[in-house]
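Here is a short tour for anyone who likes to look at rings and ligand contacts together. Have the viewer open and follow along.

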Amino acid sequence: MGQSKPAYGLLGYPLGHTMSPPIHERLFELSGKSGEYDYRIFELPAKVLSACAKDLFTCEGFNITIPHKLNIIPYLDRLDESARRYGAVNTVLCRDRDRKSVGYNTDVDGFLRSVESLDCDLSRPVLIAGGGGAARMFAIECALHGAPVTIAVRRIKPETEALQRDILSLAPKAEVSLTTLDQLPDREFELLINATPVGMYPHPGETPIPAGYLRGVRAVFDAIYNPASTQLLLDARKMGCRALGGMAMLVWQAAAAHTIWDGSVYTQQQIERIVVEMSSLMENRFQQSAEGKVAN
Ligand code: NAP
């Protein structure tokens, strides 16, 4: 690979719109390490991972996004408890003290920081739209905090039922219900989480939950970070709910990766500033791309 500086990076596919390089650059800057490291992009489809895995592990550490959060596991020496709990890895430390590679899940740090800023009580009912990888982590975490959890999907599949069983095996006393998005229950929720891509660029006008349903919801967290204000968030704010988009989760999970890699820690204020900067950078990029000025 012939690298001049120690490197970190991002593994995923496709990565055309990734915000990770500017986020990590800002985090390195804040920890006084600007220019000391490269942050590389490993845009690799699942089928070529085995051929390229050796290159990845020449880095100090790397982040992982779709479709590799599970695929990477066989290449690791060890999983941290965070990754074992959700069965997914989004951060790798390539060499720990014993020179072993370790997989972590820092998405959960990003999620919990987001919920904290929404001032939610996670022992109260939570509704999660979606039943994929992110929903799994949200549901497990909410159930472990004592929340009765309702998972709403477009169609209940064997995987949705398996998710319900997995949550119950981790939190045996949890109340976990499954429903469909067109049959939402008539009850109040402390928190609604969107863990579907509905409302994401290039379909920003769409929402997984009708605006009227938000009357019974106290706070909304939309994991989507592009656009910064999804239709769901706009509806939620109009209904008087507290509402937060996914950029905060994205930045906090990246900050937690730096803590694992080199012990750097960041203040709430520093992270909030990066969230604002990245939201505006992203909106500019997408505006330009919509106007045909950027080749993605
Ligand atoms: P995933 O594993 O692909 O799961 C997506 C889920 O959304 C599935 O349950 C899928 O249902 C459902 N879905 C897809 N299209 C739908 C539609 N048109 N109507 C209703 N449901 C639909 O993806 P993921 O990794 O969980 O990610 C989910 C969302 O979270 C994405 O928007 C992603 O960008 C966001 N996310 C954000 C962060 C962050 O840091 N902010 C981190 C992770 C993920 P089917 O099974 O029926 O297709």
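## Ligand shell and aromatic pairs

Helix H5 (133-144) and helix H8 (247-262) each contribute at least two residues to the shell around the ligand. Keep in mind that this is a predicted model. The shell residues comprise 12 nonpolar, six polar and two charged. Among the 20 residues around the ligand, those that come nearest are Gly-131, Ala-134, Arg-154, Lys-157 and Ala-223.

| Residue (backbone atom) | Ligand atom | Distance |
|---|---|---|
| Gly-131 (N or O) | oxygen | 2.8 Å |
| Ala-134 (polar atom) | oxygen | 2.7 Å |
| Gly-246 (polar atom) | nitrogen | 3.0 Å |

On its own the ligand has 910 Å² of accessible area, and the protein covers 73% of that.

Now to the rings. How many aromatic pairs does a search of the whole structure find? The search finds eight. Phe-28 and Tyr-37 count as stacked because their planes are at 25 degrees, with the ring centres 5.0 Å apart. Phe-28 is buried, at a relative accessible area of 5%. Ring pairs also join Phe-28 and Tyr-37 with Tyr-8 and Trp-261 in a cluster.

A tilted pair is formed by Phe-111 and Phe-221, with 6.0 Å from centre to centre and 50 degrees between the planes. Phe-111 belongs to helix H4 (residues 107-117) and Phe-221 to strand E11 (residues 217-222), so this pair ties together parts 110 residues apart in sequence. Both Phe-111 and Phe-221 are buried.

One more ring to visit is that of Trp-252: the charged end of Arg-113 sits over this ring, 3.9 Å from its centre.

Terms used: Residues are numbered from 1 along each chain as its sequence is written. This is a predicted model: local features need pLDDT of at least 70, side-chain atom pairs count only at pLDDT 80 or more; totals for chains, interfaces and linings use all residues. Side-chain values use heavy atoms; hydrogens and water are left out. Rings of Phe, Tyr and Trp (its six-membered ring) pair if their centres lie within 6.5 Å; planes under 30 degrees apart count as stacked, over 60 as edge-to-face and the rest as tilted. Buried means under 20% relative accessible area, exposed over 50%, partly exposed in between (1.4 Å probe, protein chains only). Helices (H or I, at least four residues) and strands (E, at least two) are DSSP runs, numbered from the N terminus. A charge sits over a ring if NZ of Lys or CZ of Arg is within 6 Å of the ring centre and within 35 degrees of the ring normal. A residue is near a molecule or strand if one of its heavy atoms lies within 4 Å of it. A polar contact is a pair of N or O atoms within 3.5 Å; within protein, one must be able to donate a hydrogen and the other to accept it, and residues adjacent in sequence count only if both atoms are side-chain atoms. Accessible areas come from the Shrake-Rupley method with a 1.4 Å probe; for residues, only the protein chains shown count as cover. Ala, Val, Leu, Ile, Met, Phe, Trp, Tyr, Cys and Pro count as nonpolar, Asp, Glu, Lys and Arg as charged, and the others, Gly among them, as polar.
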